[in-house]
Amino acid sequence: MEHVIEMLNIRKEFPGIVANDDITLQVKKGEIHALLGENGAGKSTLMNVLFGLYQPEQGEIRVNEQVVQITSPNVANDLGIGMVHQHFMLVDPFTVTENIILGKEPSKYGKVNVKEASEEVRKLSERYHLSVDPDAKIADISVGMQQRVEILKTLYRGAEILIFDEPTAVLTPQEIKELITIMKALIKEGKSIILITHKLKEIMEVCDRVTVIRKGKGIGTVNVKETNPDELASLMVGRDVVFKTDKSAANPQEVVLEVKNLEVKDSRGVSAVHNLDLSVRAGEIIGIAGVDGNGQSELIEALTGLKKVTNGTISLNGKQVQNMKPRKITEAGVGHIPEDRHKHGLVLDFSIGENIVLQTYYQEPFSTGGILHSKKIFDKARTIIKEYDVRTPDEYTPARALSGGNQQKAIIGREVDRNPDLLIAAQPTRGLDVGAIEFIHRRLIEQRDAGKAVLLISFELDEIMNVSDRIAVIYEGEIVAIVDPKETTEQELGLLMAGSKRPEAGEKEHV
């Protein structure tokens, strides 16, 4: 059998936009087929059509050479198609097992046998080396663990064709290797995989063929063995892309941020950050490397005033700011690119212009005596939109109508324009394509070169290695090592992030 999946001349429209314009995708049995494209190119839309979440306006889908109508995810499951979504489809208060069996519950006399299901989940997780606790609640496990649950959910349903949507975004190098091993094992069992990813290195390592989409149109399909990352990147964005961030050596000056013996508790009252020491100087970028769930979010929230500090001090330019209100910390000279741009970075129903002055709307020239000056607000927005290449119809467009990359550029423009002494960049390129990543890295280095202190928190080791001047490894809420990116490897960092080579008590390193 030549193709297990054929999507022929697919067109999918949304009001005012053609997301998929006459795209053809053909996947062979037993291959790992990459789907590559910029943010907003239409990759996830195409896969949502295949998974039955969207219905196409035109085109034909064939599964195992039979024409099919995939009207819902249940139909897709019945046809042997499973999808691991980028934004997980899990119920937080349910356990791992309850999420995996949801809709396919094993029952006897109308009663769900959770114990039997839990045992089956345990066996599945062991078989595919996806260790998860079947009885843990989703709300209590890390993002990386939640992704494993999504993968197990498709395997539990007996999927023969698996769609992975950006599956490695939250994994350590070791976990990525394990996932690649799992993918190869699935292929050996006769399954086929479609992999949506921005990571060209992964495509080169694991995929057989790659289909490139640009601005909703199919650019073509190439054999991975006959291409290279540079060619794939230019096919994807329509121009040459520079991968290696070009930067001079850092010239660190005075300490801007000094954190001593910090303790922060999570939402359940458990100590998520403890005994943490960290300092960032003007003119340097400190990268924080760690597996998701090791206290990064709580650290950022403490530094920006979003979470209370239970012990220790945070000093900015020599002045203690712990437990001050977020606005006071902002005014003291902190810029914050939040890890969740929708939750903490934007008001999605406000215009992009209004979002650009969210931190400054109450100050002159944007308001006087509590009265907003619209002309001044939208003049400022136009300037930032132009300077940061925010692709939007105009400054009055709602923020939710922009792609992720353009939303991120607007946030960075807003934060950098305020000229903060300390810029906290949390997951600044999560889910963005190589063109947007290149742009954002350049802006972070510009801030460093302008004598600002930059704190970069990222799960992307390439990004941490490429952009940071020093790397602080966080493990279980504590900085356990400081390394020079020029003198370490991804492998060593991955081991430190997983808790290996941890210094003994009394040997703790300080930044």
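Strands here are DSSP runs of E with at least two residues, helices are runs of H or I with at least four residues, and both are numbered from the N terminus. Two strands pair if DSSP finds at least two bridges between them.

This is a predicted model, where local features need pLDDT of at least 70, side-chain atom pairs count only at pLDDT 80 or more, and totals for chains, interfaces and linings use all residues. Residues are numbered from 1 along each chain as its sequence is written, and side-chain values use heavy atoms, leaving out hydrogens and water.

Strand 13 (residues 255–265) and strand 16 (residues 311–316) run antiparallel and are joined by five bridges. Across that pair, Glu263 stands opposite Asn311 in strand 16.

Now for two helices. The axes (lines fitted to C-alpha atoms over the stretch in contact, with angles from 0 to 180 degrees between N-to-C directions) of helix 14 and helix 15 come within 11 Å and cross at roughly 10 degrees. That makes the two helices roughly parallel, a label for angles under 35 degrees. Here is who touches whom, contact meaning heavy atoms within 4.5 Å:

| Helix | Residues | Contact residues |
|---|---|---|
| Helix 14 | residues 404–417 | Gln408, Lys409, Ile412, Val416 |
| Helix 15 | residues 434–449 | Phe439, Ile440, Arg443, Gln447 |

Terms used:
Parallel < 35°, antiparallel > 145°, perpendicular 65-115°, else oblique.
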